[in-house]
Amino acid sequence: MMEFKVSVIDRNVFLFSFNHEADVRRAWDRRPWSIKGEHLILKKFRAYLSLNEVDFSTIVFWVQDHGLPLNKQSKENIFKIGGFLGRTLDVDLVGSRGGVWKIFFRARVEVDVSCPLYAGFPLDRDDQGLPMLWVPFKFEKLGNFCYGCGRLGHDLRSCLEEESQRIVKGNVFQGNYGNWLCVENNDFQPGFSPKVLGKLVPTEGDREVGRSVQKSNIVEASLRN
Ligand SMILES: [Zn+2]
């Protein structure tokens with residue numbers, strides 16, 4: 001049981017004070033935290049700092065990569081894949097229990113809270129003469145987020161993006177996001193399955209997928225071998 005005191009500093013800003021250093025470490029290591037599904041951006045604070053100096057623009061998640069081919073399964077690659085989402089802090093071959101084949105890997109990534117979450121990335125397999133493989137991500141401890149624009153901090157109904165409003169009004173069956181991004185949900189993004197190799201050519205004009213393709217292309221070359 002962790003012992004701490006909470007004080008309200010500002011609107012939506014709280015100060016958690018701990019009596020024991022071990023509790024601070026425990027709280028820090030178990031990031032991210034959420035309150036009733038809303039993300040709590042946890043930052044370390046020292047009394048000599050001004051509140052303005054605390055950077056609340058990033059949040060840390062463990063992100064799982066599912067269905068990565070055997071020849072891409074290395075610590076180095078997981079580190080690079082984490083880089084698609086933000087800054088990789090750590091990698092973990094958690095899926096490696098027993099046997100060579102890993103069900104999933106995970107990277108601890110510092111993500112910019114103002115950017116949409118990434119749902120996965122396309123792995124180029126041109127050198128094998130195979131179509132691109134979509135490698136879906138799943139986020140651990142992912143709380144509420146917008147199923148329209150993929151950003152944290154608001155829900156679909158209060159989203160200002162035009163496309164989100166189209167989803168709300170029912171003109172669009174499904175957005176690019178859903179709770180399949182959470183590890184608690186065993187499903188994957190509809191249309192993309194890590195079990196179906198090759199079924200992953202991104203839809204033309206699909207903004208989200210298009211953006212992922214662009215971003216990963218930069219790093220793809222170094223993922224080839
Ligand atoms: Zn939104």
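Strands β5 and β9 run antiparallel and are joined by 3 bridges; strands count as paired if DSSP finds at least two bridges between them. Helices (H or I, at least four residues) and strands (E, at least two) are DSSP runs numbered from the N terminus. The structure is a predicted model, in which local features need pLDDT of at least 70 and side-chain atom pairs count only at pLDDT 80 or more, while totals for chains, interfaces and linings use all residues. Residues are numbered from 1 along each chain as its sequence is written.

Of the 7 residues of β9, 7 are buried; a residue is termed buried if 20 or more other C-beta atoms, placed from the backbone, lie within 10 Å of its own, exposed if 12 or fewer do, and partly exposed in between. In a regular strand the side chains alternate between the two faces of the sheet. Leu133, Val135, Phe137 and Phe139 point one way from β9, Trp134, Pro136 and Lys138 point the other way, and all are buried.

The chain has 4 helices and 9 strands, in the order β-β-α-β-β-β-α-β-β-β-β-α-α from the N terminus. Buried residues make up 28% of its 225 residues. Among contacts with a separation of 6 or more, 57% are between residues 24 or more positions apart; a contact requires C-beta atoms, placed from the backbone, to lie within 7 Å.

The largest nonpolar core holds 34 residues, of which Phe61, Val63, Tyr118 and Phe139 touch the most other members. Such a core is a set of buried Ala, Val, Leu, Ile, Met, Phe, Trp, Tyr and Cys residues joined through C-beta atoms within 7 Å. Two or more residues of this core come from each of β5 (58–66), α2 (75–85), β7 (104–112), β8 (120–123) and β9 (133–139). Beyond neighbours within four places in sequence, Val63 is in contact with Gly82, Leu85, Arg106, Ala107, Val109, Phe137 and Phe139.

The buried residues of α2 are Asn77, Ile78, Ile81, Gly82, Phe84 and Leu85. They line one face of the helix, because their directions fall within an arc of 145° when α2 is seen down its axis; the arc is that of the directions from the helix axis to the C-beta atoms. An α-helix has 3.6 residues a turn, so residues three or four places apart point the same way. On the face of α2 turned away from its buried side are the exposed residues Lys75 and Glu76.

Ile9 belongs to strand β1 (residues 4–10) and is exposed, with 12 other C-beta atoms within 10 Å. Not counting residues up to four places away in sequence, Ile9 touches Phe14, Leu15 and Leu51.

Several backbone features occur in loops. Most residues other than glycine have a negative phi, and most peptide bonds are trans. Arg31 and Pro32 are joined by a cis peptide bond with omega of about -5°, and Pro32 is placed in the loop between α1 (21–29) and β3 (33–35). Lys36, in the loop between β3 and β4 (38–40), has a positive phi near 50°; Lys36 is exposed, with 6 other C-beta atoms within 10 Å. A positive phi of about 55° is also found for Lys141, in the loop between β9 and α3 (162–168). Lys141 is partly exposed, with 16 C-beta neighbours inside 10 Å.

The loop between β8 and β9 contains Arg125. Arg125 is partly exposed, with 17 other C-beta atoms within 10 Å, and touches Leu130, Pro131, Met132 and Leu133 when residues up to four places away in sequence are not counted.

An unreviewed UniProt entry annotates residues 146–159 as "domain: CCHC-type"; the positions follow the numbering used here, feature names are shortened, and annotations may be inferred rather than shown by experiment. In the model, residues 146–159 are 0% helix and 0% strand, and the end C-alpha atoms of the span lie 7 Å apart.

The mean pLDDT of the chain is 81, with 79% of residues at 70 or more; pLDDT is the predictor's confidence in each residue, from 0 to 100. Residues 195–225 have pLDDT below 50, and this stretch has 40 contacts in the model beyond near neighbours in sequence. Where pLDDT is low, the predicted coordinates should not be read in detail.

Note on methods: Two residues are in contact if their C-beta atoms, placed from the backbone, lie within 7 Å.
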